[in-house]
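Work through the exercises below with the sequence and the model at hand. Each task is followed by a solution in steps.

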Amino acid sequence: MPRTAADFTIDQNWPAYSAEEHAIWRLLFERQQRMLAGRACREYLAGLAGLGVAAGGIPEFGRLSDILERATGWRIAAVPGLVPDDVFFACLARRRFPSTCFIRRRDQLDYLSEPDVFHDIYGHVPMLMNPIFADYMQAYGEGGLKALRLGHLPRLARLYWYTVEFGLIATPEGLRIYGSGILSSAGESVYSLEDPRPSRLRFDLRRVMRTRYHIDRYQESYFVIDDFAQLFAATRPDFAPLYREIAMLPDIEPGAPVPADVVEGGAAARKKEGPRISTARV
Ligand code: HBI
Ligand code: FE
């Protein structure tokens with residue numbers, strides 16, 4: 001185990017990666033590049049290109065951090081694995097993204113229960129090249145510290161889950177992916193946009209904060225934003241009154257419809273007609 005400092009950061013120790021570890025990165029990268037053409041949002045693809053994250057092998061965090069810092073002031077902090085919530089939020093609030101260093105094994109290509117370097121670097125870091133998303137992530141970190149103090153973390157964690165990890169965005173070309181949990185998953189990048197089973201609902205902060213989620217299978221509901229400014233604006237108000245309001249209301253099961261849901265266009269919209277936002281109420 002690498003030595004962990006008091007703030008949980010470690011040295012990435014890039015020279016220590018083996019040829020097999022770089023080969024696994026290459027495999028994941030090439031497979032995912034094929035999945036994401038026409039599926040990932042343009043902000044993500046621009047971030048990936050701007051960082052020069054490519055098939056060559058596991059990137060060096062120092063090099064990526066220098067590019068990222070020039071673009072949006074964020075840097076990557078290497079960590080050994082999941083870090084405690086307060087440490088995680090304190091990092092985000094300081095524009096430091098905690099990234100794991102290890103890569104999954106060859107027999108875990110499709111599913112891993114914890115974040116690895118492919119999920120963190122390929123999935124999360126490109127979005128931090130976008131100035132509005134970068135501000136959203138910092139605001140989220142500040143909100144996380146406050147939610148911890150107020151005892152409402154589970155509700156705020158749902159916001160992270162349904163946006164940063166599993167968010168979809170409506171574009172003139174149809175729905176696109178910006179959530180890192182989807183961007184780093186070959187199966188879910190197709191399922192989230194094209195499978196008829198999950199609901200794709202217009203983003204609503206209260207609805208999101210009340211909706212439970214699964215951590216061990218594809219999502220039953222995705223929430224669709226119009227743009228990143230909408231997301232950032234949603235995190236502006238003081239959440240304290242909202243937490244009190246929501247505390248009186250029952251949680252919503254991951255796949256359950258509620259009367260006010262607005263369903264967004266799915267596979268059909270993505271393929272040809274463009275963004276068809278049906279106002280059909282479930
Ligand atoms: N640690 N390394 C790491 N990565 C995460 O995504 C993470 C974490 N610790 C806590 C945490 N996430 C959760 O609190 C958030 O998902 C809300
Ligand atoms: Fe993640």
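**Exercise 1.** Determine which loop holds glycine 57, and whether this residue is buried or exposed.

*Solution.* Step 1: in this predicted model, glycine 57 sits in the loop that links α2 (42-51) and α3 (61-72). Step 2: the relative accessible area of glycine 57 is 15%. Step 3: buried means under 20%, so glycine 57 counts as buried.

**Exercise 2.** Find which residues glycine 57 touches, leaving out residues up to four places away in sequence. Then state how far apart glycine 57 and leucine 201 are.

*Solution.* Step 1: with those neighbours left out, glycine 57 touches His22 and Trp25. Step 2: from C-alpha to C-alpha, glycine 57 and leucine 201 are 37 Å apart in space. Step 3: along the sequence, 144 residues separate glycine 57 and leucine 201.

**Exercise 3.** Give the order of the strands in the open sheet of four strands, and name the edge strands.

*Solution.* Step 1: the order is β4-β3-β6-β5, and the pairing is mixed. Step 2: β4 (174-177) and β5 (199-202) each pair on one side only, which makes them the edge strands. Step 3: on average, neighbouring strands of this sheet are turned by 40 degrees against each other, direction ignored.

**Exercise 4.** In which sense do β5 and β6 pair, and which helix lies across the strands?

*Solution.* Step 1: β5 pairs with β6 (residues 221-225) in the parallel sense, over four bridges. Step 2: valine 224 in β6 is the bridge partner of arginine 202. Step 3: helix α9 (residues 186-194) lies across β3 (168-171), β4, β5 and β6. Helix α9 runs at about 155 degrees to β4.

Notes: Residues numbered from 1 in each chain as written. Chains lettered and ligands numbered in written order. Predicted model: local features only at pLDDT ≥ 70, side-chain atom pairs only at ≥ 80, totals over all residues. Heavy atoms only, no water. Pairing = 2+ DSSP bridges. Helix = DSSP H or I, 4+ residues; strand = E, 2+ residues; numbered from the N terminus. Axes fitted to C-alpha atoms, helices over the stretch in contact; angles between N-to-C directions. Contact = heavy atoms within 4.5 Å. Buried < 20%, exposed > 50% of the residue type's maximum accessible area, 1.4 Å probe, protein only.
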